[in-house]
Amino acid sequence: MQALILSNYTVTTAIGCGNQANFNSLQQQKSGLVANNFLDTELNTWIGRINAIEEQVLPDGFENYQCRNNQLAYLTLQSDDFSNAIEQAKAKYDSDKIGVFLGTSTSGILSTELAYAELRNGAFLNPDLLHFREQHNNFSLAEFVQKYFNLCGPAQVISTACSSSAKVFAAASKYIEMGLCDAAIVGGVDSLCLTTLYGFNSLELLSNEVCRPYDQNRKGLSIGEAGAFALLEKENDNPQDSSIYLLGYGESSDAYHMSSPHPDGLGAIEAIQSAINMAKLSPEQINYVNLHGTATPVNDKVEDKAIFNVFGHTTKCSSTKGWTGHTLGAAGAVEAIFSVLCLKNNFLPGTLNTQQLDETLKSNILLDSSSQELHTVLSNSFGFGGNNCSLVFADNQGGQR
Amino acid sequence: MKPIYLKAISIIAPGIKNWKEAKAIFNEEIAYEAQAVTKKLDTFLAPNTQRRASRNIQLALASVQQICLDSPFDSEKLLYVFTSCNGDLTIFHQINSALNLPGHPVSPTKFHNSVHNAPAGYTSIALNTQSPSTSIASFQDSFANGLLEATVQSLSTQKDCLLVAYDEIPPEPLLSLFPVKADFSCAFILSTNAENALCRLDISITKGQKISSMKNSQFERLRHCNPQAKVIPLLHTIACKENQSIFMGYNQLQLKIKVSGFSQ
């Protein structure tokens with residue numbers, strides 16, 4: 001692939017709004033997880049909730065799009081001068097040549113869930129109150145962002161569960177390569193809702209304490225909500241010494257089970273290896289791996305096998321889900337931006353909340369944070385349905401272009 | 001963009017069981033009767049899995065099976081694109097009904113089947129392929145978006161791509177918010193290789209064009225029965241081997257599909 005520049009990016013999670021707040025919390029080992037206090041859910045679990053979402057009011061003309069997920073998208077767009085970067089891109093490219101590729105697993109379905117709760121009283125779903133296209137539908141996220149920036153080019157929502165917003169980087173790359181776009185907004189937004197909380201609970205995958213990825217006593221995941229966006233441009237359109245590049249992506253399927261990964265991590269290995277190959281790097285040249293690391297017993301066990309298979313026991317790896325929780329369809333983009341923040345700051349995050357590393361694991365999983373020169377990072381995202389995606393990012397000293 | 005070649009088509013629509021039947025109907029060799037899609041659909045799924053699979057999953061998998069049996073291909077070498085307007089509204093309804101019962105008894109199977117990429121997951125398992133798949137949603141323009149995505153994937157990798165577009169009639173109370181009159185499912189195999197192709201497609205994004213419709217009122221009703229049925233003018237053109245351009249809505253723009261290169 002042609003290397004693409006992340007000319008602007010921003011992330012909002014339970015540990016903060018914007019890049020600096022998130023990076024500060026990463027450095028200060030400050031988790032955003034709290035004991036579940038979402039609506040009247042009676043689940044004994046921890047969540048990565050963003051309190052500022054609820055006060056967001058979408059701009060005039062977007063009233064029908066008002067829902068938790070688009071409120072979170074709107075909140076996320078307000079940091080790091082991201083909107084201004086899009087305005088600058090619009091001055092450079094035609095508005096139909098800036099694509100929008102976003103991932104979400106549940107979009108604004110919370111609005112419909114809350115309307116269903118009212119059905120018990122014999123009421124109908126009221127189309128004047130429940131805006132199915134603008135709130136519930138998966139595409140709502142891309143439609144909102146595209147209209148908000150007054151763009152009209154290619155727009156797409158990928159919904160492949162927890163790999164959704166990693167795959168948007170791959171999709172945007174292909175559209176740019178085909179000449180359908182000159183630049184693309186990529187990202188992901190997923191917000192708390194009842195289906196995911198009770199659904200993961202039904203699968204017995206929720207931890208009743210904060211998630212502890214790769215811990216001997218890990219009990220499952222903590223669900224979080226988050227938004228993350230990046231502007232991708234071709235290298236020669238905006239080169240700078242400080243540029244961060246998307247060098248490669250790898251996608252695969254497990255072909256094994258709907259909610260359990262392949263026991264030998266075959267799909268994960270394929271995704272990781274393809275991403276590294278596309279980046280024209282060898283595994284030894286990857287300085288840090290941001291793991292999917294959900295803290296479910298089976299994910300961490302299988303991901304460790306995959307990592308060990310590709311990297312052996314030296315490459316430094318960690319999961320940042322102890323800070324944010326598992327942000328599902330947003331996790332790919334969130335952890336892509338976290339990886340980029342680590343690259344920029346030569347910072348290796350540890351694995352927060354993890355007390356005792358599972359001694360059966362073989363890869364080099366960091367518990368403590370440290371500083372180290374970084375030039376190349378790989379980020380993993382794996383989803384239900386056996387859908388895998390890995391991304392490779394580098395600074396201008398990492399890899400060849 | 002470079003041309004893409006259409007290798008195979010499957011279709012399950014009201015009154016249309018497969019592509020062979022669609023060709024005869026669109027060429028008006030046999031009369032068209034808009035009967036509801038049958039309850040039983042043939043898929044590669046094991047009987048137990050099929051029983052638990054939702055209508056949407058079955059619709060998608062039935063198109064996959066039809067196109068596989070019709071035109072043998074190497075499932076390991078294909079890329080996969082799935083497109084559905086809303087994902088699985090029946091499962092959403094079932095989960096939400098459970099959420100409102102005491103104890104919130106959400107079924108774990110229904111939950112993992114509720115992900116938008118469930119049909120893609122089942123397809124990879126049924127065909128035993130580790131090839132990548134994507135699952136997209138574009139509300140009313142999901143077919144056009146899927147066709148463009150599959151074309152981009154095939155052209156950028158030089159691999160063949162299976163596109164599967166499907167949507168069910170949702171249950172009430174969601175039906176009134178998303179009125180769909182009939183189940184519909186359709187699949188294409190797209191290739192950069194012209195050999196044995198049904199026809200050549202030149203696909204581009206354009207603006208200011210009128211969306212293609214059907215002169216025949218029965219076929220026009222068929223086009224309106226389901227958002228994925230917006231592909232009917234394209235299928236009609238291919239069935240009748242007409243060299244012409246078809247326009248489908250693509251977000252705020254249109255997708256232009258220039259059809260040519262029919263084998264005689």
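Helices and strands are DSSP runs, numbered from the N terminus, with at least four residues (H or I) for a helix and at least two (E) for a strand. In these terms, P173(B) is placed in the loop between β4 (161-167) and β5 (184-191) of chain B. The structure is a predicted model. The peptide bond that joins E172(B) and P173(B) is cis, with omega at about 5°.

For Y214(A), phi is about 65°. Y214(A) belongs to the loop between α8 and β8 (223-224) of chain A, and it counts as buried at 1% relative accessibility. For N128(B), phi is about 50°. The loop that holds N128(B) runs between α6 (118-127) and β3 (133-137) of chain B. In contrast to the buried Y214(A), N128(B) is exposed, and its relative accessible area is 55%.

Aromatic pairs were then examined. A pair of aromatic rings is described by the distance of the centres and the angle of the planes. Over all chains, a search of the whole structure gives 20 aromatic pairs. One of these is formed by F23(A) and F347(A), whose ring centres are 5.3 Å apart and whose planes stand at 80°, so the pair is edge-to-face. Because F23(A) lies in helix α1 (residues 19-27) of chain A and F347(A) in strand β13 (residues 347-348) of chain A, this pair ties together parts that are 324 residues apart in sequence. Both F23(A) and F347(A) are buried. Another edge-to-face pair consists of F62(A) and F144(A), with 5.3 Å from centre to centre and 90° between the planes. F62(A) is located in the loop between β4 (46-48) and α2 (68-77) of chain A, and F144(A) in helix α6 (residues 140-148) of chain A, so parts 82 residues apart in sequence are tied together by the pair. F62(A) and F144(A) are buried as well. One aromatic cluster is made up of F62(A), Y65(A), Y74(A), F144(A), Y148(A) and F149(A).

The loop between β4 and α2 of chain A also contains Q56(A). With a relative accessible area of 10%, under the 20% limit, Q56(A) is buried. Its side chain makes a polar contact of 3.1 Å with the side chain of Q78(A). When neighbours within four places in sequence are left aside, the residues in contact with Q56(A) are Q66(A), Q71(A), Y74(A), L75(A) and Q78(A). Helix α2(A) has ten of its ten residues buried, so it is largely enclosed by the rest of the structure. Among the buried residues of α2(A) are R68(A), N69(A), N70(A) and Q71(A).

In soluble globular proteins, nonpolar side chains tend to be buried together. The largest nonpolar core holds 100 residues, of which F169(A), F393(A) and F188(B) touch the most other members. Helix α12 (residues 331-345) of chain A gives the most to this core, namely nine residues. Not counting residues up to four places away in sequence, F393(A) touches L6(A), F169(A), I244(A), Y245(A), L246(A), A336(A), V340(A), L343(A), H375(A), T376(A) and V377(A). Another core, of 67 residues, lies apart from the largest one and includes A115(A), C193(A), L59(B) and V106(B).

In the loop between α9 and β11 (288-290) of chain A lies I286(A), which is buried at a relative accessible area of 3%. Residues up to four places away in sequence not being counted, I286(A) touches I276(A), L281(A), F311(A), T315(A), T376(A), V377(A), L378(A) and V392(A). The C-alpha atoms of I286(A) and K362(A) are separated by 17 Å, the two residues being 76 residues apart along the chain.

At the interface, 59 residues of chain A are in contact with 56 residues of chain B. The two chains, A and B, bury about 4,900 Å² between them, and 63% of this area is on carbon and sulfur atoms. Y116(A), F132(A) and M258(A) supply 15% of the area that chain A buries against chain B, more than any other three residues. One salt bridge is found across the interface of chain A and chain B. The side chains of D96(A) and K207(B) meet in a salt bridge at 3.1 Å, N to O. Between chain A and chain B, 20 residue pairs are in polar contact. Elements that give two or more residues to the side of chain A that touches chain B include α4 (109-119), α7 (164-177) and β10 (245-253) of chain A. The largest share of that side, seven residues, comes from α8(A).

Note on methods
Residues numbered from 1 in each chain as written. Chains lettered and ligands numbered in written order. Predicted model: local features only at pLDDT ≥ 70, side-chain atom pairs only at ≥ 80, totals over all residues. Heavy atoms only, no water. Phe/Tyr/Trp six-rings, centres within 6.5 Å; stacked < 30°, edge-to-face > 60°. Buried < 20%, exposed > 50% of the residue type's maximum accessible area, 1.4 Å probe, protein only. Core = buried A, V, L, I, M, F, W, Y, C linked by side-chain atoms within 4.5 Å. Contact = heavy atoms within 4.5 Å. Polar contact = N/O pair within 3.5 Å; in protein donor to acceptor, adjacent residues only side chain to side chain. Buried area = accessible area lost by both parts, 1.4 Å probe. Salt bridge = Lys/Arg side-chain N within 4 Å of Asp/Glu carboxyl O.
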